[in-house]
Amino acid sequence: MSNEAILHSHQTGTHDAAHAHEHHHHETFITKYVFSQDHKMIAKQFLITGIIWAIIGGLFSVLFRLQLGYPESTFPWLEDFLGGWAKGGKIDPEFYYALVTMHGTILVFFVLTAGLSGTFSNFLIPLQVGARDMASPFLNMLSYWFFFAASIVMLASLFVQTGPASGGWTIYPPLSALGEASSGSKIGMDLWLISMSLFIINALLGGLNYITTILNMRTKGMSMTRMPLTMWALFFTAILGVLSFPVLLSGAILLLFDRNLGTSFYLSDIVINGKILPNEGGSPILFQHLFWFLGHPEVYIIILPAMGIASEVMSINSRKPIFGYMAMVGSLFAITALAFVVWAHHMFVTGLNPFLGSFFVLLTLLIAVPSAIKVFNWLTTLWRGNIRFTPGMLFAIGFVSMFISGGLTGIFLGNSALDIHLHDTYFIVAHFHIVMGVAGMFGMFAGLYHWFPKMYGRYMNNTLAYIHFWITMIGAYLIFWPMHYEGLAGMPRRYYDFSGWESFNMFAGLNQFISFVSIIVFAAQLLFVFNFFYSIFKGRKVTTLNPWGAASLEWTTPIRPGHGNWPGEIPEVHRWAYDYGKDGRDYISQTEPVGEQESKH
Amino acid sequence: MLRLRRIWGMNDFFLIAIAVMIFLLIFQIAKASEYVSILKGEEKARKQTNKINGFLLVAFLVLGLIGAWWCNKLYYGKTLFPQGSASVEGESIDTMMWITIAVTGVVFIITQILLFWFSFKYQESDKRKAYYFTHNNKLELLWTGVPAIVLTVLVVFGLKYWFKFTGDAPKDSQLIEITGKQYAWDIRYPGKDGVFGKKNYKLTDASKRNPLGVDWTDAASHDDIHVPTIMHAVVGKPVKLVIYSQDVIHDVGLPHFRMKMDAVPGIPTTLWFTPKWTTAEMKIRTGNPNFVYEIACDQLCGKGHYSMKGEILVESQQDFDKWIAGEKPQYLKAMAPEEPAKTDSAAMAKPVALNSK
């Protein structure tokens with residue numbers, strides 16, 4: 001018996017039957033896979049582009065961890081790949097900073113914004129609200145292609161002779177404004193700014209579409225409060241993006257002006273390499289305000305979709321309704337509203353007026369309240385459930401663990417009195433990697449393992465998924481937990497080498513350990529990548545419409561839905577998406593009318 | 001095409017081969033387990049895996065908590081807590097830190113235990129039916145209210161300390177100017193008049209010994225003393241730093257004093273603190289004969305960022321007076337490269353009053 005035969009011997013005919021009912025409009029390879037206007041294909045385009053970027057961004061972190069962990073060693077093979085950037089097998093400081101900058105930019109924007117909210121907004125919104133596609137499929141397609149263009153420009157910047165941007169992902173001027181200050185601030189920085197401008201257009205086109213679709217295209221009976229929490233999360237994510245990304249765009253354009261047209265928005269009183277610049281009256285702090293007005297909402301753009309996905313996956317696999325649905329929506333709303341008024345907590349040590357700073361302390365720590373509500377509601381969702389540990393569920397549980405760990409350290413950093421000590425140390429590196437990086441990735445993995453069957457009509461390999469989860473979960477804590485101690489010793493972030501510092505050189509052994517673990521965790525992610533692509537073509541086929549026994553609408557479509565999602569009428573919705581374990585029934589689909597005898601909740 | 005500068009040795013290929021073999025091995029195991037589960041019956045296999053993962057989750061909790069304790073044992077001694085804050089103001093930061101660690105620590109332990117314990121306890125079982133529990137206003141009010149109250153306490157304490165050390169520096173503070181540039185620190189003392197000479201960045205000219213762009217026409221500049229890298233400060237006496245940058249944003253990072261402030265081109269910032277121990281005392285306190293109060297640049301400023309180091313030498317008033325008496329004002333260095341007149345150095349030999357408002 002061949003492998004394929006074993007895998008699919010239990011197959012029934014449902015798959016082929018489903019195909020017969022799809023609408024067929026004429027599709028060529030180009031319209032189906034390249035310039036597709038089908039939200040599901042666009043989602044996959046976002047996803048696969050995001051995965052490619054994640055590999056590149058992750059690889060960069062491995063490279064700079066080699067330097068941090070083994071500052072005395074040389075790696076001659078690096079020179080074979082990187083040439084002049086790693087002469088003699090040692091990474092050049094300028095290139096080290098380019099790697100750090102690109103790692104941040106790629107992971108924050110290209111992976112955790114486009115790859116996470118781009119993928120799941122596109123894939124889930126029409127399917128879960130009951131629409132045939134987005135409000136404007138054409139704009140949706142454009143949105144991806146702007147992302148693609150941004151990707152090409154950013155990729156190109158990696159290959160220019162003076163190197164890609166190297167001023168940190170926050171690109172603070174004057175460092176990013178002056179080519180004399182850093183070779184990464186030459187053409188590489190212009191490409192960064194152009195790429196990000198294209199990226200922002202992608203985010204705006206996408207965001208407007210998501211908002212419009214959720215507000216206007218819900219199926220009959222799908223009131224806002226019957227939507228799954230993923231919809232609410234993606235809705236608020238889109239609002240955050242639409243309102244804050246334009247501010248970054250303006251900041252980026254002013255920076256382009258300062259760089260190329262001789263303006264002085266961010267520049268004043270500068271002597272660089274003995275050269276006295278004519279610019280006067282600008283303020284570098286202005287840029288930080290513009291940057292963080294997006295930059296802070298951006299971290300919620302990353303984490304809200306992960307929260308939504310985790311809520312959905314946890315409820316389904318606990319076979320229990322999500323606890324406190326309205327409180328979950330309310331806390332998402334509170335986080336969204338507060339996200340706009342806390343940006344200056346990134347700027348406590350810039351010379352910001354301390355009195356003004358105190359308002360940002362108060363508003364920042366307020367975010368802990370809706371965050372606490374969410375955590376306790378997730379815990380209560382698990383309580384007295386009947387939990388199935390699917391790979392998606394494990395990542396959802398891992399997400400909550402990471403969100404707790406990283407969220408609590410936010411209470412340190414949001415408090416200006418502590419921030420003055422912890423700012424720009426490894427404490428903040430640990431904090432945001434756990435709460436935004438790892439938690440965001442966990443949300444993404446939870447979603448991918450959970451909706452992969454809907455995306456490709458096949459399952460991913462479970463054993464590989466479990467190995468992937470456990471290595472990543474254990475590895476992430478091993479990497480980031482000890483970093484808090486480095487931060488409490490005042491060890492600054494973005495240092496190429498600590499060996500010259502009497503105050504920080506005692507962590508050489510720990511740095512080596514962290515680097516070693518991060519290589520293993522990176523390798524485990526390659527297992528995931530392999531599993532993902534292998535399963536698209538060779539995974540076990542899905543044979544039932546609703547493999548997880550979920551109540552939401554996307555599982556009422558055919559196993560491989562065509563463009564238009566439902567072969568016949570779009571189903572009508574009669575209830576919320578969380579009737580699990582009600583009246584002794586395992587689950588009740590949203591499409592089932594409320595029965596006469598049914599108990600109220 | 002890659003231009004190979006080095007012949008790749010057998011070892012490299014061997015390592016790559018091992019990595020590929022491990023991947024293939026894991027993949028084969030994963031595939032085999034999939035066949036086994038199908039042959040055995042998917043439902044049965046799923047339930048077995050469920051039990052394994054439930055156990056692993058609770059094992060992770062226990063080992064994780066032990067690991068956290070062990071990590072603390074290994075690294076607590078290397079943090080700045082055991083040596084205490086080297087500034088008076090930093091003491092309140094440490095107090096605030098302990099309050100926050102206590103509060104978040106309790107929440108951390110309770111929530112993580114609940115998360116993994118619930119996962120383990122309520123794993124799928126044929127005997128259990130999930131409890132249909134949609135909301136409970138009392139509970140939700142409880143965990144909205146309690147965090148709100150606790151956070152209010154943290155905000156109140158935090159802001160109390162924050163206003164204390166971001167307020168005006170004491171009147172008797174010693175005024176010191178520190179200027180960052182790629183990748184070094186320059187330090188200026190106002191001299192006996194206690195007033196810095198005016199600066200204009202357009203006058204900056206290192207070749208004329210005016211690296212800070214001081215306007216020599218301002219008489220207040222004539223007694224200003226410039227020194228590179230090493231700042232001298234007096235123990236027990238508040239220091240008020242006026243912070244400048246000449247090129248990009250830097251940051252005066254003072255981990256031992258628990259302080260930090262950006263150096264922003266065009267916008268001077270300030271920071272003050274009171275050193276508690278001299279450098280010599282700290283060498284004994286930390287048991288490290290090489291101890292120095294390092295100034296670490298904490299804002300990415302270019303490729304030499306990691307090497308942008310300054311130092312604060314905290315010493316007694318006598319040692320400080322002796323040191324500054326031996327320093328020649330920059331004005332004299334700039335105007336008269338040859339030895340200055342005797343009378344000038346005689347005047348400088350007396351202890352100078354460096355106080356300012």
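**Entry 1: the first sheet of chain B**

In what order do the five strands of the open sheet with β1 and β5 in chain B stand? I looked it up in the model, which is a predicted one. The order I noted is β3-β2-β1-β5-β8 in chain B, and the pairing is mixed. My next stop was the edges, where β3 (225-228) and β8 of chain B stand. Each has a single partner strand, so one side of each is left without a neighbour in the sheet. I also wrote down the twist, which averages 25 degrees from one strand to the next.

Strand β8 of chain B covers residues 269-273, and four of its five residues are buried. Its pairing with strand β5 (residues 239-245) of chain B is antiparallel, over five bridges. As an example to find on screen, I picked V242(B), whose bridge partner in β8(B) is T270(B).

**Entry 2**

I found another open sheet of five strands in chain B, with the order β4-β10-β9-β6-β7 and mixed pairing. Which strands stand at its edges? They are β4 (230-234) and β7 (259-263) of chain B; each has a single partner strand, so one side of each is left without a neighbour in the sheet.

G253(B) has A296(B) as its bridge partner in β9(B). I then spotted a helix on the sheet: α6 (residues 317-325) of chain B packs there, touching β4 and β10 (309-315) of chain B. The direction of this helix makes about 135 degrees with that of β4(B).

**Entry 3: the domains of chain B**

I read off the domain assignment of chain B: domain 1 is 28-124 + 132-166, and domain 2 is 174-349. How far apart do the C-alpha centres of these two domains of chain B lie? I got 44 Å. The contact takes nine residues from domain 1 of chain B and 14 residues from domain 2 of chain B. On the domain 1 side, I counted four nonpolar, four polar and one charged.

**Entry 4: where the chains touch**

For the contact between the chains, I listed 106 residues from chain A and 100 residues from chain B. Helix α14 (residues 391-413) of chain A gives the most to chain A's side, with nine residues. By class, that side of chain A has 65 nonpolar, 27 polar and 14 charged residues.

I zoomed in on I285(A), which lies in helix α10 (residues 284-318) of chain A. Why does I285(A) count as buried? Because it has 21 C-beta neighbours inside 10 Å, and the cut-off is 20 or more. Beyond its neighbours within four places in sequence, I285(A) is in contact with T350(A), V264(B) and I267(B). I also checked Y266(A): I285(A) is 19 residues away from Y266(A) in sequence, and their C-alpha atoms are 7.5 Å apart.

**Entry 5: one helix of chain A**

Last, I checked the length of helix α7 (residues 137-157) of chain A. At 1.5 Å a residue its 21 residues should span 30 Å, and the end C-alpha atoms are 31 Å apart, which agrees. Among the buried residues of α7(A) I marked Y144(A), F146(A), F147(A) and M154(A). What covers the buried residues of α7(A) includes α4 (39-69), α6 (93-129) and α8 (187-216) of chain A.

Terms used:
Residues are numbered from 1 along each chain as its sequence is written. Chains are lettered from A and ligands numbered from 1 in the order in which they are written. This is a predicted model: local features need pLDDT of at least 70, side-chain atom pairs count only at pLDDT 80 or more; totals for chains, interfaces and linings use all residues. A residue is buried if 20 or more other C-beta atoms lie within 10 Å of its own, exposed if 12 or fewer, and partly exposed in between; C-beta atoms are placed from the backbone. Two strands pair if DSSP finds at least two bridges between them. Two residues are in contact if their C-beta atoms, placed from the backbone, lie within 7 Å. Ala, Val, Leu, Ile, Met, Phe, Trp, Tyr, Cys and Pro count as nonpolar, Asp, Glu, Lys and Arg as charged, and the others, Gly among them, as polar. Axes are lines fitted to C-alpha atoms, for helices over the stretch in contact, and angles run from 0 to 180 degrees between N-to-C directions. Domain bounds come from an automatic or database domain assignment. The expected span of a helix is 1.5 Å times one less than its number of residues.
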